[in-house]
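Here is a short briefing on one protein chain. Look over the sequence and the structure before reading the points below.

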Amino acid sequence: MKRLSYISLLFVLGTACFSCNKVLDKYPPDKPADVNFLETGDELNLAVNGLYNNLWMTYSASGQWEYILDNTTDIGFDRNQSIFTFIGNGTVLPSSTDLDNIWKQYYAGIGRCNYLLENIGRVNGTSQQTLDQADGQARFLRAYWYYQLTTLWGDVPLVLKPQGLEDNQLAKTPVSQIIDTLLLDLDRAAQELPDTWGTADKGKVTKGAALALKSRIALVGGRYDLAAAAAQQVIESPQYSLYPDYAKLFTYAGESNSEVIFEVDYAYGVQTHRMPISLFSRNAQGNSTKVPTQSMVDSYECTDGLTIDQSPLYDPHHPFENRDPRMRQTIAVPGDVFLGFQFETYKDSLQCWNYSTNPAKRVGNQDATNAYASFSGYCWRKSTDSADLGAYRNASSLNCIVIRLAEVLLNYAEAKIELNQIDASCLEAINRIRQRPTVNMPPIAPGKTQAEMRTIVRRERKIELAMEGLRFQDI
């Protein structure tokens, strides 16, 4: 009897297996299934919000990837012996798992965009405007990630639809063809996206963001007429204006200001980053692993608008005096007060002032005595805020600016220079930045040659946009 029962049990189990499509074929209990997802307005909203998750690209739980990438170039250095060190000194290997993770992160974001764009027609009970805005956001984000892929790798597979397991070997697409596709996508996104969003949708991409990204990609791709035209539309928009205080642009006080066109939003309890650990001085309990170079410091003009090798104002014994104010608003140099401490990196400065106490007191100077203090003698001041001192250096919620008006002005100027259309509007685009109230550098005078203007705009990009993730692509 026991044997018959055992055989009967095997028969039942076997029958169940043959009918497993009915018994076991269930939708995932912990996530939506692609066969029935994206049918309602609520699901569309979830899908759109999910696209933005792939912007949170913090390397090894540190800072935003784009910002840290500047420390692979002539303007910054990473002493961590990380992927950034190896890219910077030319020893990076194609087999790097870190690069593999970056590739996967971008294509995962692209995959999410492709799924939404392919299936948005399923959505019922939603206005056409809502559908268009979702479409525009997906096209913008897909274009942004392809821009990053192409500037890092060159030719890459152009994937515009969801892929199956059989699509595991894809040919590369020439960069020029990818750029053509991205520019068309951004044209459509600019038509579909609103000028602004309400408070509940803060941080989502706008029409201005689509046009600004178009100006950047067109400039990189040598489509100078398209770059200038897209940039001009943003410049003429009443939505944006230069923020008067350059130093505060990159602090909590400057978040979402009038100059910001698109930023990666962070928030406590949602997503944070550890940028302060990388940038803070040793006295402020940071590691000072990503630091500016001497070459970067030397690039800043003197207040007369001349470079340090030409200006009579430059004194090598007092090298930080009479310099473009953006130098000390971007970089902490010896003698500055940085994050509440007197910043001194000379090895004989065994003590320094701690100004965060009342009264100030002398303390041991870790920025001079710690073996792993800044290797260049400088620290990045941009994107640091004293509000992140203490525990928050491990969990900063400071937003990361991706695109701002100053870059668009420089895109416009550079495109006009490459077209050899060096008119008043070209000079004005540069001079508006140079004459920001907290900068107030001499304006660029008319009458310069195309070669001279190329040098000017390239230096201006280096100075104005330092530590914002654009230097690698610029050079």
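Residues are numbered from 1 along each chain as its sequence is written, and side-chain values use heavy atoms, with hydrogens and water left out.

**Confidence**

- pLDDT is the predictor's confidence in each residue, from 0 to 100.
- The chain has a mean pLDDT of 91. A value of 70 or more is reached by 91% of its residues.
- Residues 1-20 are another matter, with pLDDT below 50. Beyond near neighbours in sequence, this stretch has 2 contacts in the model (contact means heavy atoms within 4.5 Å).
- Where pLDDT is low, the predicted coordinates should not be read in detail.

**Salt bridges**

- Side chains of opposite charge can pair when their charged atoms come close. A salt bridge is a side-chain nitrogen of Lys or Arg within 4 Å of a carboxyl oxygen of Asp or Glu.
- How many salt bridges does a search of the whole structure find? The search finds 34.
- D135 pairs with R188, and their closest N and O atoms are 3.4 Å apart. D135 sits in helix α7 (residues 128-153) and R188 in helix α8 (residues 175-192), so the text here links distant parts of the chain, 53 residues apart.- Helices (H or I, at least four residues) and strands (E, at least two) are DSSP runs, numbered from the N terminus.
- Buried means under 20% relative accessible area, exposed over 50%, and partly exposed in between (1.4 Å probe, protein chains only).
- D135 is buried, at 5% relative accessibility. R188 is partly exposed, at 38%.
- R459 and E301 also form a salt bridge, at 3.4 Å from N to O. R459 lies in helix α17 (residues 450-464), while E301 is in the loop between α12 (294-299) and α13 (326-330), so the pair ties together parts that are 158 residues apart in sequence.
- R459 is partly exposed, with a relative accessible area of 25%. E301 is buried, at 6%.
- R434 meets E460 in a salt bridge of 3.0 Å, N to O. This pair links helix α16 (residues 424-434), which holds R434, to helix α17, which holds E460, and the two residues are 26 residues apart.
- Are R434 and E460 buried or exposed? R434 is buried at 1% relative accessibility, and E460 is buried at 3%.
- A network of salt bridges links a set of residues, among them E301, R434, R459 and E460. The network also includes E259, D324, R326 and K382.

**Two single residues**

- A395 is found in the loop between β9 (379-380) and β10 (400-404). A395 is partly exposed, at 24% relative accessibility.
- Leaving out residues up to four places away in sequence, A395 touches Y268, T272 and H273.
- A395 and F37 are 358 residues apart in sequence. In space, their C-alpha atoms are 34 Å apart.
- K214 belongs to helix α9 (residues 207-220). K214 counts as buried, with a relative accessible area of 11%.
- Not counting residues up to four places away in sequence, K214 touches L183, L186, D187, L226 and A230.

**Cysteines**

- A disulfide is a pair of cysteine sulfur atoms within 2.5 Å. By this rule, the count is 0 disulfides.
- C352 is buried, with a relative accessible area of 0%.
- For C400, the closest cysteine sulfur is again in C379. It is 18 Å away, too far for a bond.
- C400 is buried as well, with a relative accessible area of 3%.

**Two helices**

- The expected span of a helix is 1.5 Å times one less than its number of residues.
- α7 has 26 residues. From its first C-alpha to its last, α7 reaches 37 Å, close to the 38 Å expected at 1.5 Å a residue.
- α7 is mostly covered, with 19 of its 26 residues buried.
- Just after α7 comes G154, which takes a positive phi of about 85°.
- Helix α3 (residues 41-52) has 12 residues and should span 16 Å at 1.5 Å a residue. Its end C-alpha atoms are 18 Å apart, which agrees.
- Which residues of α3 are buried? They are L44, A47, V48, G50, L51 and Y52.
- The cover over these buried residues of α3 includes α6 (97-119), α7 and β2 (260-264).

Technical notes:
Predicted model: local features only at pLDDT ≥ 70, side-chain atom pairs only at ≥ 80, totals over all residues.
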